[in-house]
Amino acid sequence: MRAALQSEIGQDKLEVVDDMEAVGLGPGKVKIRIRATGLCHSDLSAMNGVLPQPAPFIPGHEGSGVIADVGDGVAHLKQGDRVLVCWLPPCGHCAACKRGQGHLCLESLVNAGTPNFRRAGGDVFGFAATGTFAEELVVDAKCAVPIPDDVPFDIAALIGCGVTTGLGAAINTAKVEAGSSVAVIGCGGVGISVIQGARLQGAAQIIAVDPVASRREAALRFGATEAVAPDALDDAKNRITSGEGFDYVFEVVGKSATAQTAYKATRRGGSVVIVGAGALDDTFQVDMFSLFFDEKKILPSMYGGGDVLRSYERTIALWRAGRVDLEGLITHRVHLTEINDALDQMRTGVALRTCIEL
């Protein structure tokens, strides 16, 4: 089968090969025929080594498709079922799941160290134990979440990660209050989803911050009340909040420098919400006096910070009602053979989300 392969960490292009095999089908597993997948910035971060990932590997974790085969013991799925890929499904029985924090469940990530592809040269891993830049993949049955017939595959793929992460950061993690002021630093697909979540929650001012003009323009279409370049954030803070700072500032880049910017732009007693996934050696520092005296809340948001399965259902309901725009997030479409074009579109910032069709 066809797949996009990263042979070594640090390579900036993927090799599209035709001799890949999805392996590991057995008890509790399913094989999915991928129909659509989104390119998430986390895929780039795994490719360049910011996020830990053994190589060689197949990137991609935001996908949807059709069940092609099921292993023994899988009773809730059958061939032909339409599903999205959940890269971090709750197991339901670990300590985190029992506390109602299924988004912090680590059971599925244990499989990240087990190759789930193979080719003539040897074993190949899938990013985050998935690897949706392939025509087929084998995953734990919990990773395959059924989707209604009216949800297109491209929309379902986005719900599998980026949209759920962004909406959830505003709704679940920050619990943005009506009438509040919000700034969102980084306005790709996830940042735009944060903006839509803040709008749903009733924020009065939503300031989009991004160096790319086209993304700032897009942010206004999705609910931002103003969009500025990073060097204009201080001016916006002074004009809109009389210099006090925003009630909520979302960092959707994954770098300590932008986290520091977010912290400085937040009012005393406000919330800094960290949505971007950064590197292990990139340290965010706050002096102890400011941490105590300003009482700014630092809220990391992992995968939308809530019950991911419930978040999927909520997103579909909001999409059906026309309350969130998911179609508009897909600004580019390419075939898997053009995957490197998609990488360029993300690196240059011209794409919010590129849908890769298989």
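Tutor: A residue is called buried when its relative accessible area is under 20%, exposed when it is over 50%, and partly exposed in between, for a 1.4 Å probe and protein chains only. This is a predicted model, in which local features need pLDDT of at least 70 and side-chain atom pairs count only at pLDDT 80 or more, while totals for chains, interfaces and linings use all residues. Residues are numbered from 1 along each chain as its sequence is written, and side-chain values use heavy atoms, with hydrogens and water left out.

Let us take the rings. Rings of Phe, Tyr and Trp (its six-membered ring) pair if their centres lie within 6.5 Å; planes under 30 degrees apart count as stacked, over 60 as edge-to-face and the rest as tilted. By this rule there are 4 aromatic pairs. In one of them, the ring centres of Phe57 and Phe127 are 6.4 Å apart and the planes stand at 55°, so the pair is tilted. This pair links distant parts of the chain, 70 residues apart: Phe57 belongs to strand β5 (residues 57-58), and Phe127 to the loop between β9 (122-126) and β10 (136-140). Here helices (H or I, at least four residues) and strands (E, at least two) are DSSP runs, numbered from the N terminus. Phe57 is buried, at 0% relative accessibility, and Phe127 is buried at 7%.

Another pair is formed by Phe289 and Phe293, whose ring centres are 5.2 Å apart with planes at 15°, so it is stacked. These two residues are 4 residues apart in helix α9 (residues 288-293), and therefore separated by about one helical turn. Phe289 is exposed at 55% relative accessibility, whereas Phe293 is partly exposed at 43%.

Charged side chains also meet rings. A charge sits over a ring if NZ of Lys or CZ of Arg is within 6 Å of the ring centre and within 35 degrees of the ring normal. Arg268 lies over the face of Phe293, 4.3 Å from the ring centre. Lys296 is placed over the face of Tyr263, at 4.5 Å from the ring centre.

Charged side chains may also meet one another. Side chains of opposite charge can pair when their charged atoms come close. A salt bridge is a side-chain nitrogen of Lys or Arg within 4 Å of a carboxyl oxygen of Asp or Glu. The structure holds 16 salt bridges, including one between Asp235 and Arg239 at 2.9 Å, N to O.
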